[in-house]
Amino acid sequence: MAITLTQTAANRVETFLANRGKGIGLRLGVKTTGCSGMAYTLEFVDTLNEEDTTFESNGIKIIVDPKSLVYIDGTELDFTKEGLNEGFKFRNPNVKDECGCGESFTV
Amino acid sequence: MALLQISEPGMSAAPHQHKLAIGIDLGTTNSLVATVRSGLSHALNDEHGHALLPSVVHYLEHGAVEVGFNAQKQQNIDPHNTIVSVKRFMGRGLKDIDVSQLPYRFTEAGGMVQIETRAGIKSPVEISSEILKTLKTRAELALGGELVGAVITVPAYFDDAQRQATKDAARLAGINVLRLLNEPTAAAVAYGLDNASQGVYVIYDLGGGTFDVSILKLSKGVFEVLATNGDSALGGDDFDHRIFCWILETAKLSPRKAHDTRLLLSKAREAKEWLTEHSEANISCLLSDGEFVNLILSSDKFIALTANLVQKTLSPTRKAMRDAGLTIEDINGVVMVGGATRMPQVRKTIEEYFKQTPLTNLDPDKVVALGAAIQANVLAGNKSDEDLLLLDVIPLSLGLETYGGLTEKVIHRNSTLPVARAQEFTTYKDGQTAMSIHVVQGERELVSDCRSLARFELRGIPSMVAGAARIRVTFTVDADGLLSVSARETSTNVEAHIAVKPSYGLSEDEITNILKASFNCAEADKKARMLAEARVAAGAILEAVTVALATDSALISVAEKQAIEAEMQRLDLIKESQDDDAIHKGIEALNHATEAFAAARMNASVSRALAGKNLEDIKL
């Protein structure tokens, strides 16, 4: 399995990284909070940790720590617009249930 | 499902706890809102894709309110109830504005102008809050959540009252103000100039109806406004008007009705925008009387038509440079702000004047809002880097009234914010137990020539001889430029303080006039100060002699007493004259007349002190 970015998401990440002026890639992860148990995190990466796994998709490095990988392996990250709002969306095949807003989930 | 943004490393928010913060450029002509998403600052559009919101508020029947483009369309149809450029009235009194050119029905309440509309009497604060509410709603829709707060920009020359009014408008709109930020500073932040270690930058802001130029100095991550200047009646609209006049003249049209004027003005505007990237523009339209206008305006002609408008911006620019004491060589960068700076002739003129290419790669309409959003993002705590500290300056000195109607400046003009300064004062009369503190703003020597901001009293000073009490007066101006003053008698810690919320403030022109007057009147002011000081000195000696005569007149002969009293009377008269030399001579004469009396009092008090003591006890 792997973690991938859609072309749209990759383009946006590239823009954001260029604007930021530093950073080697994008970190996807989960943390155990939220109304349904777990929540996604999405961060810029300045330094790699030893145990990190690195994927590459559409020219962007995706970095995941081993604990998170269990929960999000197979995820495709997309960038979409909903009305006036726009942002990244996790398409995670492991998810069994989401909270109403989709910010947290259970597997 | 919810949409996510990329956070800084280690700064991911818990679900439902995103710290959404926005930057708002509350402009005279147009307003915008921007935010930082995934580390990138960008303006938020409305549902039609417009980033700019015309700063126009229209009050309809039955309590409804329209803001923006729809309101703008009502400007000529329903002028009494359609308020444009409300920013010009923020924190102003009726006497601060020229009402003759405006279609509104003005009244005044609480020192600020109010406008009668069909929805009732509205203050500029309420009207501005409608604009802010619209932007807030737009931001909440776009960001999908509650806002933590906003940074709102204000012109660098905005005084206390105007800043307070802006804050009040935000509060009324339900927005938590993280900070008010000077517009030029926001523009500098948008260009990331704050990342450099130091430099001096010019912010050239030619908006729809106003022109502002500011000179900022960055040192150790701190922005200081060295100088600001401008023209509150010069902007892109004047360029449209020049084209409009040219159309009338060239097509030999008679003065038109409102509908045709609007049509031609919008054609003029289109032509202006087209000429930014093309060498000629075609102006064609059908007027209401069936007449067809079809003209070609070349960019050379347009440049010739508007050359003196562009030149007009250079005079305030030169003045600002002079105020800051700088030459062209000192300038590290020039930032262009405002849609009108897209015109090539404006860029060229500025490039020639400053001998460098101005920064133009950000959208000049959005740059202020973008910078405000970056600052809001930092203040909301979304960035791990230490806060970028933004410092601004106060536009006019703050001080208080001392005896004789003189101004004692406590915080000088152009001091950087936030600032706190304390000064010690004392009592003027024996047994004085209260002190009235009169806070003023201005550059002149006499209180009557400055703007009064507030008055308060410090009571409960212990009874002491004149000059013995030590009263520490502290002036504090916070990061938003709002003043508070406190006074404390240091031996007893009796304290009184006031947050200054002046009922109305000073206009830009007034500030300019005040500064001019302080230069022009320097000589007269100095004379007035000398006179006032002489009067205070005369008052003090008369007071002292009166007290002395009341207690010790037995020490001198009747003739001596009469001689002293005669001098006192004379000095009392001279004191009211305009001649400080004569007053000083009178003081001298009274001093002379009381010499023997003073010696006698000294002897008496020495012998009182020595009475009944042995020589051994008083060995020196």
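This is a guided tour of a predicted model, stop by stop.

**Before you start**

Residues are numbered from 1 along each chain as its sequence is written, and chains are lettered from A, with ligands numbered from 1, in the order in which they are written. In this predicted model, local features need pLDDT of at least 70 and side-chain atom pairs count only at pLDDT 80 or more, while totals for chains, interfaces and linings use all residues.

**Stop 1: chain A**

Select chain A. It has 2 helices and 9 strands (DSSP runs numbered from the N terminus: H or I of at least four residues for helices, E of at least two for strands). Along the sequence they read β-α-β-β-β-β-α-β-β-β-β. Of its 107 residues, 35% count as buried. A residue is buried if 20 or more other C-beta atoms lie within 10 Å of its own, exposed if 12 or fewer, and partly exposed in between, with C-beta atoms placed from the backbone. Now the contacts: two residues are in contact if their C-beta atoms, placed from the backbone, lie within 7 Å. Among contacts in chain A between residues at least 6 apart in sequence, 56% join residues at least 24 apart.

**Stop 2**

Switch to chain B. Here there are 15 helices and 26 strands. Buried residues make up 43% of its 620 residues. Of the chain B contacts with a separation of 6 or more, 68% are between residues 24 or more positions apart.

**Stop 3: helices α2 and α3**

Select residues 124–143 and 160–172 of chain B, which are α2 and α3. Their axes are 8 Å apart and the helices pack at an angle of about 55°. Axes are lines fitted to C-alpha atoms, for helices over the stretch in contact, and angles run from 0 to 180 degrees between N-to-C directions. That angle makes α2(B) oblique to α3(B). The scale is this: under 35 degrees is roughly parallel, over 145 roughly antiparallel, 65 to 115 roughly perpendicular, and the rest oblique. Show side chains at the contact: B:Pro124, B:Val125, B:Glu126, B:Ser128, B:Ser129 and B:Leu132 from α2(B), against B:Ala165, B:Asp168, B:Ala169, B:Ala170 and B:Leu172 from α3(B).

**Stop 4: B:Arg179**

Go to strand β12, residues 177–182 of chain B, and pick B:Arg179. B:Arg179 is partly exposed, with 19 other C-beta atoms within 10 Å. Leaving out residues up to four places away in sequence, B:Arg179 touches B:Val151, B:Gln375, B:Leu379, B:Ala479 and B:Asp480.

**Stop 5: helix α4**

Select residues 183–190 of chain B. This is α4, and 8 of its 8 residues are buried, so it is largely enclosed by the rest of the structure. They are B:Glu183, B:Pro184, B:Thr185, B:Ala186, B:Ala187, B:Ala188, B:Val189 and B:Ala190. B:Gly192 follows α4(B), with a positive phi near 70°.

**Stop 6: helix α6**

Select residues 258–274 of chain B. At 1.5 Å a residue, the 17 residues of α6(B) should span 24 Å, and the end C-alpha atoms are 24 Å apart, which agrees. The expected span is 1.5 Å times one less than the number of residues. Colour the buried residues: B:Leu264, B:Lys267, B:Ala268, B:Ala271 and B:Lys272. Look down the axis of α6(B). These residues fall within an arc of 140°, so they line one face of the helix. The arc is that of the directions from the helix axis to the C-beta atoms. The face of α6(B) turned away from the buried side carries exposed B:Ala258 and B:His259. For the cover over the buried residues, show α5 (236–250), β16 (280–286) and β17 (292–298) of chain B, which are included in it.

**Stop 7: helices α7 and α9**

Select residues 299–312 and 344–354 of chain B. The axes of α7(B) and α9(B) come within 10 Å and cross at roughly 45°. That makes α7(B) oblique to α9(B). Their crossing is right-handed. B:Ile303, B:Thr306 and B:Val310 of α7(B) meet B:Gln345, B:Val346 and B:Thr349 of α9(B).

**Stop 8: helix α14**

Finish at residues 580–593 of chain B. The buried residues of α14(B) are B:Asp580, B:Ile583, B:Gly586, B:Ile587 and B:Leu590. Down the axis of α14(B) they fall within an arc of 110°, so they line one face of the helix. Turn to the face away from the buried side for exposed B:Asp581 and B:His592.

Key. A crossing is left-handed if the near helix is turned anticlockwise from the far one by less than a right angle, and right-handed if clockwise.
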